[in-house]
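Here is a briefing on the structure shown below. Please read it with the model open.

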Amino acid sequence: MPSVQLVIITYRDIFHWSARKRENIESGADEKSALVRLSEADLKGLGIVDGAEVMLSNDAGSVIVRAELDPDCPQGLGYMPVSRYSNELISYGINEAKLPNFKRIEVSVEPTGGEVKKGRKRQSSRKGTTDKIQPLHVYQMLPGTDCKVCGCGTCMAYAFALIGREKVLADCPDLQKEEFKESLEFLQGYFGEIAGEVAETGLLIDKEKCFGCGDCAIVCKKAITSLVHSGSVVQRDDVPPVLEIINGVVEITNWGSCKRTMNPPEYCRLCEDKCTSGALEIVR
Amino acid sequence: MGLTKTVCTGCSCLCDDIGIEREGQDIARIENACVKGSSIIRAADDIPLRVPYLIGKREVTLEQAIDKTAGLLKNSKHPLIFGFDNSTLEAQAFAIELARALGGVIDDCSSFCHGELVLSILNGTIPSCSLSEVKDAEMIMYWGANPYHSHPRHLSKFSYYAHEKYNPAGWSPDVTLVSIEVRDTETTFNSRPFFKILPGEDGKLISSILATMKGQGDRGDAKDIVDLIRQKGFCVIFVGLGLVYALDGDLSLFNEMVHMLSKETRISVMPMVGHFNMRGFNHRMFQQTGYINKVSFANGVSHGPEFSMLEQVKNNDPDCILIAGADPFTSLPSHMANNLKNVPIIALDPFITPTTQASAVVFGTAISGVETWGTAMRMDGLEVPLVPAWESGRLSDEQILKLLLDEVTR
């Protein structure tokens, strides 16, 4: 049985925290907490795939958690959310440290051969440029027959329509065939089971990813007061905010204030740029 | 019903612009609160999550629970009073009084968290500032902290985005956001520059910064940090648990670095305190005993590492533990819970937690701030009056502790 030595770094996860408050004790939070994020090299070293079960053990105890691929994680390290799982591995008083080793836990990892569970990756550690899918990338996965059954002139147009959430994956008959199974699975993973409906605004909000930090709302509030019109700045006062944090997540409250609705429109993308969780996406 | 303004007690940001709208008994709308804050406010309405008064998992009246607890505390030779980081300042005052009356040990989460840093600020070793002053800073540094998961509104309400000089276009920023971290996080994504270090390397980095200031260092990142700080007129360093644990709680090197840097520019340090009133507990204890935590009242006032909750539990010292506003069964190493198996625990908590499940007596309390009046201390040391969004009729930690204190001292 292959085994790998790792140093685990624990981190706070807000979704795990709020799930604990929402769903009684740990039951609902388990899925979010019973995981360790590893590098590709370590996954290979263990001979397992993304989503496989692994056992972490050291002198303090052992736990069985799901291994998840994290492209940002260097070899030899593992990231784990602070939870009752990570607590099983923490020791105190073994070395002469003043504090328990909450942040640097040495463990050995072994695959258990259990069921592989691959969830939709909701909690990437940060938004990266790779997270956002590009039309050409979608196009490469489409049949490329330009059959027009979906109502678009070409498959490239359909790729744009998919990203703009104007069409759904089910609109393409060829994509449902066996030979495109892999593409369909990938696209379903990205767009979700129901390839989303998006409001007229073209602003897509993934409420499960949003922290409610309000960064988008505050930068928008600072930006909407000045408009650039043919080289000169026009000040607008008393504009109601476009975005507000309602019930813990961002919501569009006054779309009319957005610079994108002006005539001529100003294609501002500040809210999307400043959103670190990747919850906010301007799709068209 | 209209919008009620309240203070969120989800974390030590204590955001005071939260609006709650109720329709009958249900919460219809929560304004401005982040995921963390809104989930705690919503949980207030979630009956299965809330605990009643319990003795050994059996529901009892308040009087029975008070009688039982007073009996346990009075018969205890080495009581330990722990927590109160999620309680109001008023409740903390009663807790200290109770510990004094019982001659017991009192400690809180700060003994394995930000305690050392709060002490350094309290005794004037290192400079700090208020969150409103952060808006004048020229450099904001997060060291070992990821506020998006611990204090989600920190950047938008108090630091980077709330900064007066923050320009959304960002061509020539007057304020710089810097992170020192071991992994890529949401905070490091926005930071320019971001210094990525190896786990546990923080101590070495600080030594290199000190050496660089004396003109001897050879580390590139240490040189960059020093150059950056020297260029700026006012730098605020937000210290997260990443740095505290990397230094194993010994902040002398960090303090020396801050001291050295202070000679060249204005530096302020602020702990990214997790629990909403942990700093309040430290301040209150400091006022009354001269120490911030780890105090025993068995023989006057004595202080020492042996009175930390971790040491007490490890050595099986306490024979009765009163826990309020904390959940040690979730936050401590699991094997330490075994040491608590034969010790009667009295827990005061608004919600069912692993701690309340392991407790002999449980008091289901009101959620501080959401359901009760009181005062709490923000991470910068500012006292914030808490305004309840509604009154649930449940007793607060303060009221229960007062009843207990009356019963014990009778």
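**The interface between chains A and B**

Across the interface of chain A and chain B, 16 residue pairs are in polar contact, both residues of each pair being at pLDDT 80 or more. The model is a predicted one. Salt bridges between chain A and chain B number zero. The points below take the interface, then a strand of chain A, then the sheet of chain B and some backbone details.

*Contacts and area*

- Interface size is often expressed as the accessible area lost when the parts come together.
- Here, chain A and chain B bury about 5200 Å² between them. Carbon and sulfur atoms give 61% of that area.
- On the chain A side, A:K21, A:Y92 and A:L99 lose the most area to chain B. Together they make up 13% of what that side buries.

*Elements of chain A at the interface*

*Strand β5 of chain A*

- Strand β5 (residues 77-81) of chain A is largely enclosed by the rest of the structure, because five of its five residues are buried.
- A:L77, A:Y79 and A:P81 point one way from β5(A). A:G78 and A:M80 point the other way. Residues on both sides are buried.
- Strand β1 (residues 4-11) of chain A pairs with β5(A) in the parallel sense, over five bridges.
- In this pairing, A:Y11 stands opposite A:P81 of β5(A).

*The five-stranded sheet of chain B*

- Chain B holds an open sheet of five strands, in the order β10-β9-β8-β11-β12, with parallel pairing.
- The edges are β10 (194-196) and β12 (266-271) of chain B. Each has a single partner strand, so one side of each is left without a neighbour in the sheet.
- From one strand to the next, the twist averages 15 degrees.
- Strand β9 (residues 176-181) of chain B is joined to β10(B) by three bridges, and the two run parallel. B:I180 stands opposite B:F195 in β10(B).
- Helix α4 (residues 115-122) of chain B lies across β11 (234-239) and β12 of chain B. The helix runs at about 135 degrees to β12(B).

*Backbone details in chain B*

- Most residues other than glycine have a negative phi, and most peptide bonds are trans.
- What is the peptide bond from B:R192 to B:P193, cis or trans? The bond is cis, with omega near 0 degrees.
- B:P193 sits in the loop between α7 (186-190) and β10 of chain B.
- B:N32 is not a glycine, yet has a positive phi of about 75 degrees. B:N32 is in the loop between β3 (26-31) and α1 (35-43) of chain B.
- B:F84, also not a glycine, has a positive phi of about 70 degrees. B:F84 is placed in the loop between β6 (79-83) and α3 (89-102) of chain B.
- Is B:F84 buried or exposed? B:F84 is buried, with a relative accessible area of 0%.

Terms used: Residues numbered from 1 in each chain as written. Chains lettered and ligands numbered in written order. Predicted model: local features only at pLDDT ≥ 70, side-chain atom pairs only at ≥ 80, totals over all residues. Heavy atoms only, no water. Pairing = 2+ DSSP bridges. Helix = DSSP H or I, 4+ residues; strand = E, 2+ residues; numbered from the N terminus. Axes fitted to C-alpha atoms, helices over the stretch in contact; angles between N-to-C directions. Contact = heavy atoms within 4.5 Å. Buried < 20%, exposed > 50% of the residue type's maximum accessible area, 1.4 Å probe, protein only. Buried area = accessible area lost by both parts, 1.4 Å probe. Salt bridge = Lys/Arg side-chain N within 4 Å of Asp/Glu carboxyl O. Polar contact = N/O pair within 3.5 Å; in protein donor to acceptor, adjacent residues only side chain to side chain.
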